[in-house]
Amino acid sequence: MLYREVLRPLLFLRDAETAHRAVLERLGHWRIGTHLAERLLNVDDPRLQSTVLGLHFRNPVGIGAGLDKHAEAVSAWRSLGFGFCEIGTVTPVPQDGNPLPRMFRLQPDEAVINRMGFNSLGADAVVANLAAAGRVGIPVGVNVGKNKLTPNEDAAADYERAIHTLAPLADYIAINLSSPNTPDLRALQKPELVQSLVRRCVQAAQPGQPVLLKVAPDFAPGELEETVAAALEGGAAGIIASNTTVTRQGLRSVALAAETGGLSGKPLREMATATVRRVFRVTRGRVPIIGVGGIASAEDAYEKILAGANLVQVYTGLIYEGPTLAAKINRGLVGLLERDGLANVAAAVGLDA
Ligand SMILES: Cc1cc2nc3c(=O)[nH]c(=O)nc-3n(C[C@H](O)[C@H](O)[C@H](O)COP(=O)(O)O)c2cc1C
């Protein structure tokens, strides 16, 4: 209420990236109020807890990659009631990303189009930020990508390098081959390339550390299944589904729809859920899935879980719904589990797949 009626209109006066930076800077220096927020926003319920990827999650709602690319606000996510966070995408060497503006709000669609292009402080700076944050009490995933100037033939070495630097401070690693904003990156999702790339990333990670592959929602029939199977062959411990879409279906924001980049938020929801379902039909619970795309309510999160997700993440929903989103989703999930007579989140995973 306070967010939608007061804070959001103020934030939306600024362009999307400026508002985003302002919020992150605040959260990064946020000390007073964290205990109060934690008490108000942490939904402590055993039905939300799970062990996934060998890690303990107090609830299944996480921060999606791209929101805290440089690990500037890691301590804040726990206070806002999240069960985990994924920082990055981090590239091995610092790079600026695409020229501004590169992030657009499609308000009537409750969506965002972004073409950030992996703006990154680089692995060394981000590992320093993670070290400064210390243990934050929730699992922290680190999402890695390749530098723009690195040709695809040498991409694996970029991923290895970033992982070498960041793995000691990560609970899991996510390999991003699915951003639409680094030229030709998605070509690395081809099954014949994925297996060896994932294998090299697993070798670069710490022994036993889970390495997950983040996939696009824009696969042709059959291709996603082959890519997922190849990732599992290469040793992937899980799949994150999905990244933003390059499609533009049924958008009301006609002018902004023409902006180049990846679309996220409400219009992505069903596509991302369908992607989770397709992944689950391949994995059948052998490895966990993190469901992401268009989640802005408990019902949306539950839809991903029923489709096969063990955990979920949000990004665009947070822009439109504000800082109470994790609490709202978690409270709502408890109610939905109760309604359906399910003992916990794990019991709901894949029931609709
Ligand atoms: C501005 C912006 C930047 C993003 N940057 C990244 C990124 O660096 N790495 C990545 O894996 N995903 C990135 N994403 C994708 C999100 O993690 C997520 O997969 C996608 O937005 C769908 O979720 P949502 O509808 O809740 O936003 C970005 C999304 C947005 C909106």
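**The ligand shell and its setting in the protein**

Three strands, β4 (84-90), β6 (111-114) and β11 (262-265), each contribute at least two residues to the shell around the ligand. Strands (E, at least two residues) and helices (H or I, at least four) are DSSP runs numbered from the N terminus. The structure is a predicted model, in which local features need pLDDT of at least 70 and side-chain atom pairs count only at pLDDT 80 or more, while totals for chains, interfaces and linings use all residues. Residues are numbered from 1 along each chain as its sequence is written, and side-chain values use heavy atoms, with hydrogens and water left out.

The ligand is surrounded by 24 residues, and the closest are Ala65, Lys69, Thr89, Gly294 and Thr316; a residue is near a molecule if one of its heavy atoms lies within 4 Å of it. By class, the shell holds seven nonpolar, 15 polar and two charged residues (nonpolar: Ala, Val, Leu, Ile, Met, Phe, Trp, Tyr, Cys and Pro; charged: Asp, Glu, Lys and Arg; polar: the others, Gly among them).

Of the 610 Å² of accessible area that the ligand has on its own, the protein covers 98% (Shrake-Rupley method, 1.4 Å probe).

Thr89 belongs to strand β4 and is joined to Gly88 by a cis peptide bond with omega of about 5 degrees. Another cis peptide bond, with omega of about -10 degrees, links Leu100 and Pro101. Pro101 is found in the loop between β4 and β5 (103-106). In the loop between β1 (50-52) and β2 (55-57) lies Leu53, whose phi is near 60 degrees, a positive value in a residue other than glycine.

Overall, the protein has 14 helices and 13 strands. Its C-alpha atoms fill a box of roughly 50 × 45 × 45 Å along the principal axes.
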